[in-house]
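I am opening a notebook page on charged pairs, helix faces and chain contacts. The entries below follow the order in which I looked things up.

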Amino acid sequence: MASHNYKVFSCFNRKFTVTEPGPPPDVQKAFSEFADGASSLSGDQLLRFLAKHQGEVDCTAVDSERILQQSRKEDRESGLDLHDFFRFLLHDDFNSPIKSQVHHDMTAPLSHYFIYTGHNSYLTGNQLSSDCSDVPIIKALQRGVRVIELDLWPNSDEDDIEVVHGRTLTTPVSLIQCLKSIKEYAFVKSHYPLIITLEDHLTPDLQAKAAEMATQVFGELLYYPQTDSLMEFPSPESLKGRILISTKPPKEFLESKEYDDKDNEKESADELSSLPDQTSEQETDDKQSAPEYKHLITIHAGKPKGDIQDELKAAGAVRRLSLSEQALEKASESYGADIVRFTQNNILRVYPKGTRLNSSNYKPHIGWTYGAQMVAFNMQGYGKSLWYMQGMFRANGRCGYVKKPEFLIEKGPHNEVFDPRRTLPVKKTLKVKVYMGTGWSLDFSQTDFDTYSPPDFYVKVCIVGVPADMAKKKTSVISNNWFPVWDEEFDFPLTVPELALLRIEVRENDKSQKDDFGGQTCLPVSELKSGFRSVPLHDEKGDKLKSVKLLMWFQFR
């Protein structure tokens, strides 16, 4: 037991007694049941609890003994008493809410996976005037991002290559510096393939120079196919530890240069109309291609040049198609089924609309529900959409590749495909119980939330997914308590649990202004483990808070 003193108007003190709560009644009941009424839980009894109550059927006696060793008090020779057991349940390293290892089939073609994808990965801030740097690229790779985007432009002397957001006031960074940092950090978080998407605005000579740089820097890490075109993409498993290039082949680049420039100008006309054009016109009369550049391209890319439906139905070699979030939403209204069929073998990349000048993001389910593999995000951005992206890629051991549900990969007996706008029957119900929270008094100062009293916390519990599954619930407010106990349960009927995310956010109730932020996380519903779970919370950028966590309970029915 401790106390907190709050000074009010420098005149008098308000004293609040702080008591950490003990195990909730449900935890006490489970302990008594699996300890057979005894005062401690043996290794065998703990193993039975893990298998039957927690659904950890793969746990072994070695696992339970390791938990015993690290959870019990030093002076206890064997078993866990109730408080040791409670401490174990709050230990997210032992009792995490989702699976921590890669467990999806990684031998399918790349088109069968959602891939953690960045947009304008070199920008440190906004889309108009921030610095370009390799630092945000490094940060993205450290988070597990598997697709890095670089925009390539000639330097002022047109004899070297810069990475910069063209026709803006952003300051450039050299391509060679970005490539060296990519090589150093490419596989620090995940061993599965790294894809570099290039938006190049280069002459054939500079394309050849870019190819030489990539070959020299990446060496044997660089993968490229033995043929000019692929009928099926290779698998993430076969590409472990390799770096792939995705862009337009040089001939297509030259032929489509005029179209793409007009397309890019149309996308960003609103925000760039008042800015000086900082690029020089490139001569495109020379139709020589750069064969060494084309040779490095594994994933051939392009944007629609005409009717979108024709692009979606085009047969032949597999490729990548890029659409803005607006273009995808518009196309899905008329050609939703064609989009899903296209993404069964090809790759669809979705990118933010040009008016997101502050590097904000869109709702990623716009792309995921139609099978889009590369839903490109501004990783230096902020907000709930970024939390959803981080939540999706906590799945499958955070390796950056998440196997798409079978209904997005396969066709029905009559060639029908998944329609995200159709309301389906409830497949399962997720039951969520929020018991309590802890750690704020360690990670925040005494007055971070309220100046004159302890915080008044509540929890928002939401489902994000297909429209039929969207839901928002929240607990009651627990006043003046650093260790709130809610003990409240919610039910979430789910029609497409495979695409659902569970969003959890703690807020501090403030009657006079906007409620303060107290932590958040987003978890893939398909990965949730049943039973009592310790749920660590993260800050607004997605970095894990050191001590803040919730004790929760999950069950599917």
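Is Asp-26 buried, partly exposed or exposed? I looked it up in this model, which is predicted, and Asp-26 is partly exposed, with a relative accessible area of 29%.

**Entry 1: salt bridges**

I searched the whole structure and got 21 salt bridges. One of them pairs the side chains of Lys-433 and Asp-26, at 2.9 Å from N to O. Lys-433 belongs to strand β14 (residues 428-438) and Asp-26 to helix α1 (residues 25-34), so this pair ties together parts that are 407 residues apart in sequence. I then checked the cover on Lys-433: its relative accessible area is 13%, and it counts as buried. My note for this pair is therefore a buried Lys-433 with a partly exposed Asp-26.

Next I took Arg-48, which forms a salt bridge with Asp-36, the closest N and O atoms being 3.5 Å apart. Arg-48 sits in helix α2 (residues 43-52) and Asp-36 in the loop between α1 and α2, so the parts tied together here are 12 residues apart in sequence. Arg-48 is partly exposed at a relative accessible area of 31%, while Asp-36 is exposed at 58%.

Arg-421 counts as exposed at 52% relative accessibility, and Asp-419 as partly exposed at 32%. I also asked which residues are joined by shared partners, and found that Asp-26, Lys-433 and Asp-487 form one network of salt bridges.

**Entry 2: a positive patch**

Which residues form a positive surface patch? I listed Lys-363, Lys-384, Lys-472 and Lys-514. I followed up on Lys-514, whose place is in the loop between β18 (501-508) and β19 (516-524). Its relative accessibility is 68%, so Lys-514 counts as exposed, the cut-off being over 50%.

**Entry 3: the faces of α1**

I went back to α1 and noted its buried residues: Val-27, Ala-30, Phe-31 and Phe-34. Seen down the axis of α1, these residues fall within an arc of 100°, so they line one face of the helix. The face turned away from that buried side carries the exposed residues Pro-25, Lys-29 and Glu-33.

**Entry 4: the faces of α3**

I repeated the look-up for helix α3 (residues 61-71), where the buried residues are Ser-64, Ile-67, Leu-68 and Ser-71. They cover an arc of only 100° around the axis, which puts them on the same side of α3. On the face of α3 turned away from the buried side I found the exposed residues Val-62 and Gln-70.

**Entry 5: Tyr-116**

Where is Tyr-116 found? I placed it in the loop between β3 (113-115) and α5 (135-143). Tyr-116 has a relative accessible area of 4%, which is under the 20% cut-off, so it is buried. I also looked up its separation from Tyr-401: the C-alpha atoms of Tyr-116 and Tyr-401 are separated by 6.6 Å, with the two residues 285 residues apart along the chain.

How values were computed: Residues numbered from 1 in each chain as written. Predicted model: local features only at pLDDT ≥ 70, side-chain atom pairs only at ≥ 80, totals over all residues. Heavy atoms only, no water. Salt bridge = Lys/Arg side-chain N within 4 Å of Asp/Glu carboxyl O. Helix = DSSP H or I, 4+ residues; strand = E, 2+ residues; numbered from the N terminus. Buried < 20%, exposed > 50% of the residue type's maximum accessible area, 1.4 Å probe, protein only. Patch = residues over 30% accessible without salt bridge, like charges linked within 9 Å, V, L, I, M, F, W, Y side chains within 5 Å. Areas by Shrake-Rupley, 256 points an atom, 1.4 Å probe, with all protein chains shown as cover. Lys, Arg positive; Asp, Glu negative; His and termini not counted. Charge placed at Lys NZ, Arg CZ, Asp CG, Glu CD. Arc of directions from axis to C-beta.
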